[in-house]
Amino acid sequence: MSLLFSPLQLRSLTLRNRTVVAPMCQYSAQHGVANDWHFVHLGRFALGGFGLVILEATGVLPEARISYGDLGLWDDGQVAPLKHIVDFLHAEGAAAGIQLAHAGRKASTPIAWRHGFDETEQDKIDYAFEAWTPVAPSPIIHSQTHAGYTLPREMTEADIAATIRAFAEAAIRADRAGFDIVEIHGAHGYLINQFLSPLANKRTDRYGGSRENRMRFALEVAEAVRAVWPVHKPLLVRISATDGSPDGWSIEDSVVLSRELTTRGVDAIHVSSGGFDGAGIKPGPLYQVPLSKTVRESGVKTIAVGLIDDPHDAERILEQGEADLVAFARGALEDPNWPVHAHHILDGAQYDLWPKQARERVRSKDRVLGLRQ
């Protein structure tokens, strides 16, 4: 059997294979509550054979959302719709993860498919439209050249403490919803990444200045979540391994951070990059895999992500020790059955990952075509 379709144990969780659906924002929630769109969007990946499905960036506070259409987990009323999704993922053999997030200065932005805030009156009613002043480590706007961003308010230490508590309280709700994994979002220029990077963090207190100080918020969030997240359940952190700027956060910094996170009970690092305006990163096939490899060489389990399309590439990444899991976002959208097809290519498996409702239909097609007796 290929490595890609071999099980992986993380604490007491056994993943059926090493394929992961990375978080993808849908901007389709109302009051932070999941709905039919999320159920269908996410359920198809379990039907397609993925080992782990991680839900989109989910705000730990109302003001933590990227947009008013994001999922949230700051309220008990948001638990039951998520549990409905989790139960379906489990029934179809996939593990369920949720990414807990705070957008920081990138919050209160327009929904992706709109041209600025151009909601109709009905949209405003349906989606509880609102805008707010974002918070950040320092009062620096995310971008002067791209519309939709607001000058943030600098967080006080009281704000920081309240945000750390919010991450922990959201993790408790995630456990009640039945999630197997929590992933803390520390990537893509959002709040934790803002604290890490000298591009966004100009503080002069104990949360700014030296690398040790800039890592403090990320480590305190991880400690708080690990303290309430069940000991048998894995905890992940997604990072931008580099800002793509010579004056920003570097891969060397990420190696240090990743080691510190693992000493605090983090089980794997989901290695991405970028997120700051003007980042000098050029996406291309497998472009982030070397970052995952560097972090993994420091003794940390990693998830590689970033334009990984060919099953042979995914298998080679695991064979060469560049990652422990392989994640897909656009590729999963383009082919929700990617694992089914990849399993056939790598292992000759015809039916293993098809759901039982479809398995006999596929077999009967093969018999008609004379492909399988």
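Hi everyone, let me start with helix α11, residues 338–347, where W338, P339, V340, A342 and H343 are buried. Buried here means under 20% relative accessible area, exposed means over 50%, and partly exposed lies in between, with a 1.4 Å probe and protein chains only. The cover over those buried residues includes β3 (19–21), α9 (311–319) and β12 (325–328).

The model is predicted, so local features need pLDDT of at least 70 and side-chain atom pairs count only at pLDDT 80 or more, while totals for chains, interfaces and linings use all residues. Residues are numbered from 1 along each chain as its sequence is written, and side-chain values use heavy atoms, leaving out hydrogens and water.

Now the whole chain. Its secondary structure comes to twelve helices and twelve strands, taken as DSSP runs numbered from the N terminus: H or I with at least four residues for helices, E with at least two for strands. For 373 residues, a compact globule would have a radius of gyration near 21 Å, and the chain has 20 Å, which agrees. That radius is taken over C-alpha atoms, and the rule is 2.2 Å times the number of residues to the power 0.38. Along the principal axes, the C-alpha trace spans about 70 × 50 × 40 Å. Of the 373 residues, 57% count as buried.

Contacts next, meaning heavy atoms within 4.5 Å. Among contacts with a separation of 6 or more, 71% come from residues 24 or more positions apart.

Back to helices: how does the span of α4 fit its length? With 20 residues, 157–176, at 1.5 Å a residue, α4 should span 28 Å, and its end C-alpha atoms are 29 Å apart, which agrees. The expected span is 1.5 Å times one less than the number of residues. Buried residues in α4 include D159, R173 and F167. Among the elements covering the buried residues of α4 are α2 (79–91), β8 (181–186) and α6 (211–228). Following α4 is G178, whose phi is positive, near 95 degrees.

Last stop: A268, in strand β10, residues 268–272. Is A268 buried or exposed? A268 is buried, with a relative accessible area of 1%. Beyond its neighbours within four places in sequence, A268 contacts L235, L236, V237 and K301. P234 sits 34 residues from A268 in sequence and 8.2 Å away in space, C-alpha to C-alpha.
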